[in-house]
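Work through these exercises with the sequence and the model open. Try each task before reading its solution.

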Amino acid sequence: MGEKVVAGRFDLSDRQHYREKLRQCLTGLERLLAEKRFDRPKNLMGLEIELNITGSDGMPRMLNAQVLERIASRDFQTELAMFNLEVNIAPHRLQGRVFDRLAEELRTSLAYADRKAGEVDAGIVMIGILPTLDRDDLVSSNLSDVDRYVLLNDQIVAARGEDFTLDIDGVERLSCTSKSIAPEAACTSVQLHLQVTPGRFADVWNAAQAVAAAQVAVGANSPFLFGRELWRESRPPLFQQSTDTRPPELQAQGVRPRTWFGEKWVTSAHDLFEENLRYFPALLPICDDEDPLDVLDSGGVPTLAELVLHNGTVYRWNRPVYGIADGVPHLRVENRVLPAGPTITDVIANAAFYYGVVRALAEETRPVWTRLPFEAAAANFDAACRHGIDARLRWPKRGRYGGTTEVDAVSLVRDELLPLAEVGLDAWGVEPADRDLYLGVIEERCRRRMNGASWQAATFHRALESGLPREAALAATTRRYRELMHRGEPVHMWPVGLLEPVPLG
């Protein structure tokens, strides 16, 4: 949603006109694909991380405008709520020591942002859901003062026509309502981009869908919301429910949610953009002056502005992206399943695992998506979100007889997916030192069964056992998390528990 959206009202003709423009854009995309106008392979990847702003007490601070003013860098942008920021890393070629370079860039950027936040008595925390968030923090008055967020909130609320219901049944149960989409802002993620050619798009997207559950199992980092211990990765159910335009009657009819895993393997990028038009009404029917077909007729490259904007309001966990760089169109797969954090090393390890295993799976002669029902991939994703590193997943059996079997996520990752990731990173041309360092982090998480979510839960319970009340235990866990995050050792090496008794208040 990086568009320059201006707040305003829509009349009855706007949506019809927008729908017509969307169809023109889809036709334009079809022509671009047929004419092979897309960029050649460049092996480019990109990275975005959403961040939280907290005080020294571990509580959220609504200060993103003040912090951004002090950072004064185009790499940092607002996010949905005033306690959020986003940092964007410029595209890199997937080769050589790319992961070490990315890690160094992120360390420099986040250390600088944290120093600048310190000027207003705040700091940066990279975590899936901030454990200290309260319902009073996630209200519409705390949305960032940016037109597109205000307008998006108004349109989703209007489409739903009633309060949003949050009902997540995990270790404990959370059941409450919200009058706005503000609870979505609790979900802070890492987004991994991979530029692909049209001919490779479907293979890469299908591979990303197949491996999403394994990514979440080893990378879960969001076990708490509003003081309750929920799923090990609570962002997906929270995101879906807090953006759900469907009242219960439409849910009962099987209408698709705007945040979803999908329902089938695809054969091209066109499949996904076409689904967006077929299933999802416009939330922001803002029309551009460009006629995409006229632009194509004159030999130009259309921006497909309406298609891009609409795509940004359909929250797939692996999203297709159309973009233009240096006057040439390209396609990307945007992987959105991972929570932020815990450390930069963990983020880069998650990225190395993803880019390696997706490449290897996409190039298999018997692709995993021809042997794994899509429904099983979706159920795997749900199981990984619920249980994290202790999840059990369905995966194709080895050998020629086919079928699937249930396996521990850690066994699947360690025995099958990590060797594939190694092959994939070699194919990208990543240096063995980088490959072994970052895949070794994933292997150690599996060996110790310890990721961000399991560390948070274990430390929280240790704090409760020491006699701290629940809210104080969550705050103490958050402060300890922030301290260890900035030290930088990967989460599997973090000692469980608080360093010392934490004073009350």
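Contact here means heavy atoms within 4.5 Å. The model is a predicted one.

**Exercise 1. Find the partners of leucine 417 beyond its neighbours within four places in sequence.**

Step 1. Set aside the neighbours within four places of leucine 417.
Step 2. List what is left: Val211, Ala214, Phe353, Val357, Trp395 and Leu412 are in contact with leucine 417.
Step 3. The largest nonpolar core has 154 residues. Leu417 is among those with the most contacts inside this core, together with Ile49, Phe99 and Tyr355.
Step 4. Check for another core. A second, separate core has seven residues, including Phe224, Ala463, Leu474 and Ala476.
Step 5. In soluble globular proteins, nonpolar side chains tend to be buried together.

**Exercise 2. Determine how the buried residues of helix α3 are arranged around its axis.**

Step 1. Take the span. Helix α3 covers residues 98-118, which is 21 residues. From first C-alpha to last, α3 reaches 30 Å, close to the 30 Å expected at 1.5 Å a residue.
Step 2. Pick out the buried residues. They are Val98, Phe99, Leu102, Ala103, Leu106, Ser109, Leu110, Ala113, Asp114, Lys116 and Ala117.
Step 3. Look down the axis of α3. The buried residues fall within an arc of 165°, so they line one face of the helix.
Step 4. Connect this to helix geometry. An α-helix has 3.6 residues a turn, so residues three or four places apart point the same way.

**Exercise 3. Classify the ring pair of tyrosine 354 and tyrosine 355.**

Step 1. Start from the total: the structure holds 16 aromatic pairs.
Step 2. Take the distance and the angle. The ring centres of tyrosine 354 and tyrosine 355 are 5.2 Å apart, and the planes stand at 65°.
Step 3. Apply the cut-off. Planes over 60 degrees apart count as edge-to-face. The pair of tyrosine 354 and tyrosine 355 is therefore edge-to-face.
Step 4. Tyrosine 354 is buried at a relative accessible area of 0%. Tyrosine 355 is also buried, at 1%.
Step 5. Turn to the ring cluster. Ring pairs link Phe239, Phe261, Trp265, Tyr315, Trp317, Phe374 and Phe381.

**Exercise 4. Is serine 454 buried or exposed, and what does its side chain reach?**

Step 1. Locate serine 454: it sits in helix α15, residues 452-465.
Step 2. Compare with the cut-off. Buried means under 20% relative accessible area. Serine 454 has 17%, so it counts as buried.
Step 3. Follow the side chain. Serine 454 reaches the backbone nitrogen of asparagine 451 at 2.7 Å.

Definitions and conventions. Residues numbered from 1 in each chain as written. Predicted model: local features only at pLDDT ≥ 70, side-chain atom pairs only at ≥ 80, totals over all residues. Heavy atoms only, no water. Helix = DSSP H or I, 4+ residues; strand = E, 2+ residues; numbered from the N terminus. Buried < 20%, exposed > 50% of the residue type's maximum accessible area, 1.4 Å probe, protein only. Polar contact = N/O pair within 3.5 Å; in protein donor to acceptor, adjacent residues only side chain to side chain. Expected span 1.5 Å × (residues − 1). Arc of directions from axis to C-beta. Core = buried A, V, L, I, M, F, W, Y, C linked by side-chain atoms within 4.5 Å. Phe/Tyr/Trp six-rings, centres within 6.5 Å; stacked < 30°, edge-to-face > 60°.
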